[in-house]
Amino acid sequence: MEQAPNTSTPAQRRTPSRRVSLRRTEAIRGSRSAPRSQTGRKVYIVDGARTPFLRARGEPGPFTPVDLAVQCGRPLLGRQPFAPDAFDYVILGCVSVLADEMNPARVAALRLGMGEAMRAFTVQINCGSGMQSIDSGFRLIEGGQADLILAGGAEALSHSPLVWSRNATRWFGRFATARSPLKRLAALGGFRPNMLKPVIGLERGLTDPITDLSMGRTAEIIGHAFGITREQADAYALESHQRLARAQEDGTFAGELIPAVSRDGQLFEKDDGVRPDTSMEQLAKLKPVFERPYGRVTAGNSSQITDGASWVILASEEAVEEYGLTPIARIVDSEWSALDPAVMGLGPTICSAALTERLGFSREDIDLWEINEAFAAQVLACLAAWTDEDYCREVLGLEAPYGEVPRDRLNVDGGAISLGHPVGTSGNRIVLHLANALKRRGLRRGIATECIGGGQGGAMLLEVA
Ligand SMILES: CC(=O)SCCNC(=O)CCNC(=O)[C@H](O)C(C)(C)COP(=O)(O)OP(=O)(O)OC[C@H]1O[C@@H](n2cnc3c(N)ncnc32)[C@H](O)[C@@H]1OP(=O)(O)O
């Protein structure tokens, strides 16, 4: 394992420089949660659905986060043998909440006709939000406080709010509160054209506020530390597109993907980020985006900026019996970890290893993996870390390397590089897809895991019921 480089971006140079060292991740050992007993009630994933994932194309897309949640939520609720008001809670992950959709969980619940008595809350833990919503529901059912929960993620990155500079906000405030025409005229005099330049919301949102590193830069850091080459990252990205294209062709997403219709009647049936015809040659032509000229992270091997929503229905054993539901998979347990934000992409290595260790499983006991593809270099760095003796000993506290995850067991139907990454949704989608993929392939046990901007990781272990 190489020491990470001490490189700096112009943004970093404005602030005191910060040494980035993987050794600092040792601190994460203190952040693992204490072993939990397995005496809680059983929690099942009984159904779920998502919208097509639609690329953000530089202008607000046809759906807001709540629109998306409603688009796949309505048919999903319609195919259940119970009424929508039978749920105990609606929980929704959403990172970029729109000002006119505050607490989107509750807005979605009401628009879905789940009744005024429906309790609903929104969770935000950056890219972990969609998985956090499932975990929050899991804990409520496990602890006996609920029997049926609708847990989702909804994100419309194309609608990311624009953030104006402080000067502009101050000026808008003064102008809006000026009580007389004279005062309004005076306030108008303070206007400067450069105030119209927004601090773009999405770019800031994809930059860590503590280290001032973009998410792409954090992938470069760990890619460099674990010796991931540009060719390896491109080959991984190519395979992601090929796998998604194959899954789309062979009907893998039937039932999981529900078409969406915009207010002006346009039908969206398929994920539109996939490039079935991309090649190593085309990928090789793309310039590094985050570290020029020698970096390995390009538009071709990064997750795409996308709009999309996903829901899963969680049920207790009692609810399964009462409504005659057919479980897809059981949530066995979950784990969260925290680490240096500059190497946030390694989050999955820590929480997944801690989860299997706590449950008495080894890496070989896991039949399928969904590791959210934030960046190819980031996923590959995680895989390399698990085979690195020093990393496994020093960071994960393991006596031997955690082991290799075979590529044919990982992200078998593509991932965020080909499909897109609506950040508050992806964690939900990978859990739903893992459950379906385990069942379809007749496999037993899987882990869905993801890195989380800000320096965290989340993992959830499922078993086919
Ligand atoms: C915790 C976490 O999960 S962290 C992750 C959070 N998410 C992120 O950080 C998002 C990461 N992704 C990004 O920021 C953006 O996708 C970027 C900056 C990498 C690229 O953005 P854009 O430049 O808008 O990408 P875009 O899709 O337009 O592609 C740029 C070019 O590459 C080309 N391209 C992209 N992918 C491919 C491909 N697979 N094959 C061939 N060409 C490709 C496009 O055609 C385009 O070419 P053009 O300019 O000639 O039209």
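**Ligand site and surroundings**

Analyst: By class, the shell around the ligand has 14 nonpolar, eight polar and two charged residues. Ala, Val, Leu, Ile, Met, Phe, Trp, Tyr, Cys and Pro count as nonpolar, Asp, Glu, Lys and Arg as charged, and the others, Gly among them, as polar. Before going on: this is a predicted model, where local features need pLDDT of at least 70 and side-chain atom pairs count only at pLDDT 80 or more, while totals for chains, interfaces and linings use all residues. Residues are numbered from 1 along each chain as its sequence is written, and side-chain values use heavy atoms, with hydrogens and water left out.

User: OK. Which residues are the closest to the ligand?

Analyst: Arg55, Cys127, Thr278, Ser303 and His421 are the closest of the 24 residues that surround the ligand. To be in that set, a residue needs a heavy atom within 4 Å of the molecule.

User: What lies 2.6 Å from a nitrogen atom of the ligand?

Analyst: That's a polar side-chain atom of Thr278.

User: Which elements give two or more residues to the shell?

Analyst: Those are α10 (280–285) and β11 (445–452). Helices (H or I, at least four residues) and strands (E, at least two) are DSSP runs, numbered from the N terminus.

User: What else is Asn301 in contact with?

Analyst: Leaving aside neighbours within four places in sequence, its contacts include Arg230, Asp234, Phe375 and Ile417. Contact here means heavy atoms within 4.5 Å.

User: What about Ala299?

Analyst: Ala299 is in the loop between α10 and β8, and it's exposed, with a relative accessible area of 57%. Not counting residues up to four places away in sequence, Ala299 touches Leu286 and Val289.

User: Where do Asn126 and Asn411 lie?

Analyst: Asn126 is in the loop between β4 (119–123) and α4 (129–142), and at 29% relative accessibility it counts as partly exposed. Asn411 is found in the loop between α14 (389–394) and α15 (416–419), and it counts as buried at 1%.

User: Switching to aromatics: how many aromatic pairs are there in the whole structure?

Analyst: A search finds 11. Rings of Phe, Tyr and Trp (its six-membered ring) pair if their centres lie within 6.5 Å; planes under 30 degrees apart count as stacked, over 60 as edge-to-face and the rest as tilted. Take Phe63 and Phe268: their ring centres are 5.6 Å apart and their planes are at 75°, so this pair is edge-to-face.

User: Why does that pair tie together parts of the chain?

Analyst: Because Phe63 is in the loop between β2 (54–55) and α2 (65–78) and Phe268 is in strand β7 (residues 267–268), the pair ties together parts that are 205 residues apart in sequence. Phe63 is buried at 2% relative accessible area, and Phe268 counts as buried at 17%.

User: Last one: what does Arg217 do with its side chain?

Analyst: Its side chain makes a 3.2 Å polar contact with that of Glu291. That term means a pair of N or O atoms within 3.5 Å; within protein, one must be able to donate a hydrogen and the other to accept it, and residues adjacent in sequence count only if both atoms are side-chain atoms. Arg217 is in helix α8 (residues 215–225) and counts as buried at 5% relative accessibility.

Methods. Buried means under 20% relative accessible area, exposed over 50%, partly exposed in between (1.4 Å probe, protein chains only).
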